[in-house]
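Please keep the sequence and the structure in view while reading.

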Amino acid sequence: MIKTEYREIKAISTLPKRVITLRTIDCGKMEEGDSEPHGECPHCGALGRWIHVFLCDDGLIYGAMSGCIKLFGEAPKTKLAIMGEKAIEKEKASARDLDYRGKKTPVAKWFIAVLDALKDLELGNITLEEAEKIGKTEYFKRAEWLRDNGYSR
Ligand SMILES: [Zn+2]
């Protein structure tokens, strides 16, 4: 029998699970003369450049760098997460259009509603439960519109 040299830990992480990543903060790249990157991981304090800001299933917003974000498990995809991810993408695309074409592409009202819900949640104006409810309502509004306009069956 082979003697194992280490024990495997199978306990599930006690950290809350990630619902959605809201944004990534650039703490600046290293410049000549810098010995370390400028950012500090909110989770472990390690130095680095990028801090991911994400909402967890306890309704709170956390920050961590790429290595540590993986320690937070992934929560099952809710309607808020699905709509939120699309909304964040649309908002980014709209801002890019403004940069390149000088004209903002309008963002659909259900995405605006979800972005507002995420902001309100971050500000503590609403609970995660309330935000999930908005996510669900807007998800079905969009689904209905897509169906009625022949984009889906
Ligand atoms: Zn860390």
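This is a predicted model: local features need pLDDT of at least 70, side-chain atom pairs count only at pLDDT 80 or more; totals for chains, interfaces and linings use all residues.

Is Leu80 buried or exposed, and how many other C-beta atoms lie within 10 Å? The points below place Leu80 and some other residues in the chain as a whole.

**Overall form**

- The chain holds four helices and five strands, and, read from the N terminus, these elements follow the order β-β-β-β-β-α-α-α-α.
- The radius of gyration of the chain is 20 Å, whereas a compact globule of 153 residues would have one near 15 Å.
- Of the 153 residues in the chain, 19% count as buried.
- When contacts between residues at least 6 apart in sequence are considered, 53% of them join residues that are at least 24 apart.

**Two domains**

- The chain is divided into domain 1, which covers 18-72, and domain 2, which covers 79-148, and the C-alpha centres of these two domains lie 23 Å apart.
- Five residues of domain 1 are in contact with seven residues of domain 2.
- On the side of domain 1 that touches domain 2, strand 1 provides the largest share, which amounts to three residues.
- The residues on that side of domain 1 divide into four nonpolar, one polar and no charged.

**The largest nonpolar core**

- The largest nonpolar core has 23 residues, and those with the most contacts inside it are Ala64, Met65, Ile69, Val114, Ala117 and Ala131.
- At least two residues of this core come from each of strand 1 (18-26), strand 4 (50-56), helix 1 (66-69), helix 2 (79-101), helix 3 (109-123) and helix 4 (128-148).
- Helix 3 gives the most to this core, with six residues.
- Because domain 1 and domain 2 both give residues to this core, the core lies between them.
- In soluble globular proteins, nonpolar side chains tend to be buried together.
- Ala64, one of the residues with the most contacts inside the core, touches Cys41, Pro42, His43, His52, Ile69 and Phe72, when residues up to four places away in sequence are not counted.

**Helix 2 and Leu80**

- Helix 2 has 23 residues, which should span 33 Å at 1.5 Å a residue, and this agrees with the 32 Å between its end C-alpha atoms.
- The buried residues of helix 2 are Leu80, Ala81, Met83, Gly84 and Ala87, and these buried residues pack against strand 1, helix 3 and helix 4.
- Leu80, which is found in helix 2, touches Ala131, Glu132 and Gly135, not counting residues up to four places away in sequence.
- Leu80 and Leu118 are 38 residues apart in sequence, while their C-alpha atoms are 8.8 Å apart in space.
- After helix 2 comes Gly102, whose phi is positive, near 70°.

**Arg18 in strand 1**

- Arg18 lies in strand 1, and Arg18 is buried, because 21 other C-beta atoms lie within 10 Å.
- If neighbours within four places in sequence are left aside, Arg18 is in contact with Phe54, Cys56, Phe72, Glu74 and Ala75.
- Arg18 and Cys56 are 38 residues apart in sequence, yet the distance from C-alpha to C-alpha is 4.3 Å.

**Asp57 in a loop**

- Asp57 has its place in the loop between strand 4 and strand 5 (61-64).
- Asp57 is partly exposed, because 17 other C-beta atoms lie within 10 Å, a number that falls between the limit of 20 or more for buried and that of 12 or fewer for exposed.
- Not counting residues up to four places away in sequence, Asp57 touches Pro16, Lys17, Val19 and Ala75.
- Asp57 and Glu129 are 72 residues apart in sequence, and their C-alpha atoms are 9.8 Å apart in space.

Note on methods: Residues are numbered from 1 along each chain as its sequence is written. The radius of gyration is taken over C-alpha atoms; the globule rule is 2.2 Å times the number of residues to the power 0.38. Two residues are in contact if their C-beta atoms, placed from the backbone, lie within 7 Å. A nonpolar core is a set of buried Ala, Val, Leu, Ile, Met, Phe, Trp, Tyr and Cys residues joined through C-beta atoms within 7 Å. Domain bounds come from an automatic or database domain assignment. Ala, Val, Leu, Ile, Met, Phe, Trp, Tyr, Cys and Pro count as nonpolar, Asp, Glu, Lys and Arg as charged, and the others, Gly among them, as polar. The expected span of a helix is 1.5 Å times one less than its number of residues.
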